[in-house]
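Hi everyone, thanks for coming. Let's take a look at this one together.

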Amino acid sequence: MLNPRYVEMTSHENIIRKISAYGKERAAQIGYENVFDYSLGNPSVPVPPSFNEAIIDILRTKDDVTVHGYSPILGISEARCAVAESLNRRFGMNYEERHIFMAISAAGAVAHALRAVLSEPGDEIITFAPYFSEYKPYVEGAGGRLVVVPADIDTFQINFDAFRRLMGPQVKGILINTPNNPSGVVYSAETLQTLAGILKEKQREYGHSVYIISDEPYRELVFGGKQSPYVASFYPNTFTCYSFSKSMSVPGERIGYVAVNPECEDAANAVAVFGQISREIGHNCPPSLIQLAIARCIDDTADLSVYEKNKEILYNELTRLGFYCVEPGGTFYMFPRSLEPDDAAFCERARKYDLLLVPGGGFGCPGHFRIAYCVPTEKVERSLPAFRRLAAEYLG
Ligand code: PLP
């Protein structure tokens, strides 16, 4: 018999995949250029040239056994050192190789961090709406219960009153995502300071550690030449989970890391613990070739400027039309309020104009919808009449 928990999960369809599948069907009928598919968060720009050049050079110059062999369980030393040096240089941290664990992208990094902090039945992880919908299976698969703090829908910063009500000794970790999928909002330094202050107070009260698991795949996708405040610099007990998927446009290469704050209580052991977790979950030994390549171009990103251009066009037009939307500070998402309370009905109505939007309910924030604007700018421009016709149905 198959595990009933997973069998049950197969009956819940992934709404984003379903919308994207519909988009492909529709494109076969009316042409790809006529479908405005804003469903999937897949990077749409080429990788930085240095990444491909590094791979070619590694293949030419290094021996096959190293390049195509197993990675050490904690990661290849060159990659771990490159990550530590880059984080120290950019964010004033003090990481050493021993604080860095190479992982299979953000999904693999978060899987390790969650298992490291969840140990007893009834343990909880708190996250803040709107949140990445995969957090539920990530947390439940690690043996925890996901508790969602309702959104502050006027700012999409943290709703601290609700957070304080839900916080208790059973909470072992806080899973945060900034810059945020789906809102595009970057948590401010003030938000992170307040969060850190509450957690320090709660750790003292409960007599045990409460970790921040900071899921940061969009850290480099910040607009206006700004930098996203570095979460670990606000709170010692932080595991930083990073992925190169979005910043380098390499989601298929499955590469990322967990950086253990050298100031955290378990700094001496955490990476070794992640190595043991890898043995159990099979999310182990990220590809050696890709680790070697990353080590050579650690600070490079794809040309991410198209996302900011798309954000400007959509944000200006949608707010002009009368949508309420918190302006994204980064990512390639925005999360406006739907023009009727039923976000699913609103997105269904948008389909009439071949505008494929994702309802906010799945992100723990009904009454909103997500636009993933990682699409060519000319397509964004051609989609504006569809938004106008949709808005006219509600606003006249
Ligand atoms: N976390 C967030 C917030 C995401 O948006 C995604 C992917 O879209 C992931 C984690 C998973 O990223 P990866 O594909 O790098 O594992």
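The C-alpha centres of domain 1 and domain 2 lie 27 Å apart, with the domain bounds coming from an automatic or database domain assignment. Domain 1 covers 4–47 + 303–395, and domain 2 covers 49–296. A quick word on the source: this is a predicted model, where local features need pLDDT of at least 70 and side-chain atom pairs count only at pLDDT 80 or more, while totals for chains, interfaces and linings use all residues. Residues are numbered from 1 along each chain as its sequence is written, and side-chain values use heavy atoms, leaving out hydrogens and water.

Now, how much area is buried between domain 1 and domain 2? About 2600 Å², with 62% of that given by carbon and sulfur atoms; buried area here is the accessible area (1.4 Å probe) that two parts lose on being put together, summed over both. On the domain 1 side, Val47, Thr331 and Phe363 lose the most area to domain 2, together 24% of what that side buries.

Between the two domains, the count is 1 salt bridge, meaning a side-chain nitrogen of Lys or Arg within 4 Å of a carboxyl oxygen of Asp or Glu.

Let's turn to a pair of helices. In α5, Glu78, Ala79 and Ala82 meet Gln291, Leu292 and Ala295 of α11; contact means heavy atoms within 4.5 Å, and helices are DSSP runs (H or I, at least four residues), numbered from the N terminus.

Terms used:
Helices (H or I, at least four residues) and strands (E, at least two) are DSSP runs, numbered from the N terminus.
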